[in-house]
Amino acid sequence: MKVIHCKSYEEMSDAAAKIMEEQIAKKPDSVLGLATGSTPVGLYAALRRDYAAGKVDFSKVTTVNLDEYCGLAGDHPQSYRFFMQDNLFDHVNVRPDHTFVPVGTAKDLDAEAKRYEKLVASLGYADLQLLGVGPNGHIGFNEPAEELFLETHVAPLTETTIRANARFFNSEDEVPKRALSMGMGTIFAARRIMLLANGAAKREAIKALLTKDTVDTKCPVTLLHLHQDVTVICDDEAWPL
Ligand code: GLP
């Protein structure tokens with residue numbers, strides 16, 4: 001595991017943008033696994049900046065997002081589809097029909113999970129998968145549990161995550177209680193994984209990842225030890241050592 005300790009959020013975001021842009025330069029038709037949340041906002045801003053400066057070309061890129069809230073349509077401001085349009089897709093030259101996010105309003109959510117898993121598999125999984133981490137160590141919406149799902153599935157959110165994500169909604173009651181999420185197998189099929197973490201709220205999860213020599217399904221991020229190409233990029237507040 002490669003670990004990059006950055007001084008600031010801006011430095012973390014720029015380091016992540018550099019890795020993503022190098023990936024696209026090396027393989028213009030890369031499949032990028034993307035994440036949402038407050039963590040990658042700076043990364044997406046850096047990609048927009050570099051696209052405007054002619055430094056990166058998304059015309060052949062395909063994107064697959066990690067997760068989506070159940071019940072939220074793509075035009076809902078808190079949906080992850082909306083987030084992606086707003087933060088990246090609407091500002092760069094990625095083909096709209098090459099951007100994929102699970103459909104949270106599907107009538108049959110289990111069927112949607114299966115369809116999405118097949119889709120990601122048919123694309124050959126991600127060349128580079130971006131991850132954030134929940135304060136409780138979740139990745140995507142793979143929440144701490146005795147057992148973790150391998151494939152894309154309907155995931156109940158834990159109370160901690162509902163509380164943590166309530167800051168984006170008017171109240172805790174409005175936070176969807178379930179999400180569609182790639183499973184650990186979907187994520188781990190990526191050739192390379194880049195995990196970003198900033199802020200003191202992430203320190204415990206990063207500490208578990210960097211200091212333990214065991215893996216624990218009750219802290220899903222620790223399973224990253226089992227992947228052979230992981231880069232962790234932390235700002236100073238999240239740095240646990
Ligand atoms: C959310 C998402 C994750 C994200 C994490 C951290 O619930 N499902 O994909 O990485 O929580 O969010 P944030 O970056 O806002 O701290």
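How many nonpolar, polar and charged residues does the lining of the largest pocket have, by class? That is where the first view starts, in a predicted model whose local features need pLDDT of at least 70, whose side-chain atom pairs count only at pLDDT 80 or more, and whose totals for chains, interfaces and linings use all residues. Residues are numbered from 1 along each chain as its sequence is written, and side-chain values use heavy atoms, with hydrogens and water left out.

**View 1. The largest pocket and its lining.** The lining has 16 nonpolar, 13 polar and four charged residues (Ala, Val, Leu, Ile, Met, Phe, Trp, Tyr, Cys and Pro count as nonpolar, Asp, Glu, Lys and Arg as charged, the others, Gly among them, as polar). About 590 Å³ of space lies in this pocket. Lining residues number 33, and T36, G37, S38, N165 and F168 come closest to the centre (lining means an atom within 4 Å of a point on a 1 Å grid over the protein atoms alone; a pocket is an open set of points where a 1.4 Å probe fits, with protein on both sides within 12 Å along at least five of seven lines).

View 2. The ligand sits in the largest pocket (more than half of its atoms lie within 2 Å of the grid points). Around the ligand are 13 residues, with S38, T39, D67, R167 and K202 the closest (a heavy atom within 4 Å). That shell splits into three nonpolar, seven polar and three charged residues.

**View 3. Oxygen atoms of the ligand.** A polar side-chain atom of T39 lies 2.5 Å from a ligand oxygen, and one of R167 lies 2.8 Å from a ligand oxygen. S38 uses a backbone N or O atom, 2.8 Å from an oxygen atom of the ligand.

Methods: Grid points are joined across faces, edges and corners, and a volume is the space filled by probe spheres set on the points. A polar contact is a pair of N or O atoms within 3.5 Å; within protein, one must be able to donate a hydrogen and the other to accept it, and residues adjacent in sequence count only if both atoms are side-chain atoms.
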